[in-house]
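Please look through the structure shown below before reading on.

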Amino acid sequence: MANVVDLAFMEAQEEAESDRQREVVRARLYHSGEHPTFLTDRMRKFLAVDDDETKFNMNVTRGVVEAVTERLIVSTINSPDKTLSDWAWLTWQANKMSARQFDVYEAAVRDGEAFVIVDWDAPNARPRWTLHQRYADTEVEGDGFGCVMVYPDNDPNQEPEYAVKFWTETGENERGEATYSRRATLYYPERVERYIWLAGGWKPYQPQGEAWPLAWVTKNNDPLGIAVVHFQNTGLRCEAWDAIPIQDGINKSLIDLLASADAAGFPMYKALGFVPTTDGKALTSDLSNALAIEPGVLIGTTKNKNEADIDVIQPGNLTPLLELTQQLVMWLAVTSNTPLSRFASSGQIAAEGTLKQQSEPLIAKVQKKQELFADAWEQCLDISRRLAILNGVTLDETADMEVLWKPIEKRAQADMIAEWQAKREQGIPQEQIWSEMGYSQEQISTMKAMPDYQARMALMQAGMGTANG
């Protein structure tokens, strides 16, 4: 059977597919903070990390994803047919997409793609939208759940041929024992085929009373369209992929910084002429009674036994390590086209340029994703409309529906306001802040002449005069 061959091909995981799944799994791990970091026993004690499951890191890659997704907000669905636009918005709200849309964006931007399956919720008499993540097999440390979209020549710019959903179904046998069955569903434009893994191969799954395959057509026998809608991130790339190597560097430099602070960030004492031990006895050959290197420890040497003395080892300079960590964060921001303000203090932001300039590459990224995701949402609406008509809802079959977004700049504006406030608290002149806000020199002169501004300046000068006096 040709479709079983298609399914077997997916299961075979040709090299490119296997590599793609590994990429997705790695992106998910970094997004959730599961980074490979290495701590000494002393650092585990210092950081209160007691087991291998507890990770220590400064997760910046998640911010790369969220800087994009939090700016993607659908404002409304427009159509020249008001009945259709009202129905579309009610469908959106019934599926709680005002909140759940962010789960779709996070999965798509994090993994490079995500999927929404559209079906008919008969009890509620409405279309139902269900998010599914990108499939990754357990053999590559995935969870074995999710979808894959298949395109001619593996080219996502062409019309898809079909989609596959893989999952494991749990149940219970006659003895009350848990059972597990590998399942797969193939979604074609005009039919749906269900399979189950039996005796080492995929077999058609046909519950009693159900047709196989299931027809997926209109009343006129026209295809309803593939029920799985593909949300593609730009280039099907994991958004934070290029940031992962720098994330490793940030974690390493942060651990080095803390280790140095622990070992040399505080004074330690040096004993000349004797070696202090934990038990007051001579140092053993296996060093089991040696004092651990930590703040305030007394270390020693038997050199110059006749000149016993205690001296102080001054703390080391941690500034270079701190600056390296900050520089790595800046490089990550540049590499991922994420505003540095996402990760750094306002003082560092000012040195690198205005937040508006930093936000321009991010805004361009978000605009591309708005176009991609708007197309996907409109596909969800088109399939939902066909299903609704099939189930007796009267709707215009041909009228367009357009997904509209809230302005990206509103979030950027909020960020800039926060930056200007921080600069004001740091003592940056008000005239400079007004200039960055876009006011002309004439407008600034007018505001400076206002009585309340003059009064504030007088109070500040009086305060400075008292301090100087």
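## Aromatic cluster and pairs

Trp89, Trp92, Phe102, Tyr105, Trp129, Phe231, Phe373, Trp377 and Trp405 form one aromatic cluster, where rings of Phe, Tyr and Trp (its six-membered ring) pair if their centres lie within 6.5 Å, and where planes under 30 degrees apart count as stacked, over 60 as edge-to-face and the rest as tilted. This is a predicted model, in which local features need pLDDT of at least 70 and side-chain atom pairs count only at pLDDT 80 or more, while totals for chains, interfaces and linings use all residues. Residues are numbered from 1 along each chain as its sequence is written, and side-chain values use heavy atoms, with hydrogens and water left out.

The structure holds 15 aromatic pairs. One of them is formed by Tyr105 and Trp377, an edge-to-face pair at 6.3 Å centre to centre with 80 degrees between the planes. This pair links distant parts of the chain, since Tyr105 lies in helix H6 (residues 97–111) and Trp377 in helix H10, 272 residues apart; helices (H or I, at least four residues) and strands (E, at least two) are DSSP runs, numbered from the N terminus. Both Tyr105 and Trp377 are buried, a term that means under 20% relative accessible area, with exposed meaning over 50% and partly exposed in between (1.4 Å probe, protein chains only). Phe166 and Trp202 form a tilted pair, with 6.3 Å centre to centre and 45 degrees between the planes. Phe166 lies in strand E5 (residues 162–172) and Trp202 in strand E8 (residues 201–204), so the pair ties together parts that are 36 residues apart in sequence. Phe166 is buried at a relative accessible area of 3%, and Trp202 is buried at 7%.

Leaving aside residues up to four places away in sequence, Val228 touches Phe115, Val116, Ile117, Cys147, Met149, Ala163 and Tyr187, where contact means heavy atoms within 4.5 Å.

## The chain as a whole

The secondary structure comes to 14 helices and 14 strands, and of the 469 residues of the chain, 39% count as buried. Among contacts with a separation of 6 or more, 65% are between residues 24 or more positions apart.

Asn251, in helix H7 (residues 244–264), counts as buried because its relative accessibility is 2%. The side chain of Asn251 makes a polar contact with the side chain of His35 at 3.0 Å; such a contact is a pair of N or O atoms within 3.5 Å, of which, within protein, one must be able to donate a hydrogen and the other to accept it, and residues adjacent in sequence count only if both atoms are side-chain atoms. Not counting residues up to four places away in sequence, Asn251 touches His35, Thr37, Asn57 and Met58.

Helix H4 (residues 61–69) is mostly covered, with seven of its nine residues buried, namely Thr61, Gly63, Val64, Val65, Ala67, Val68 and Thr69.
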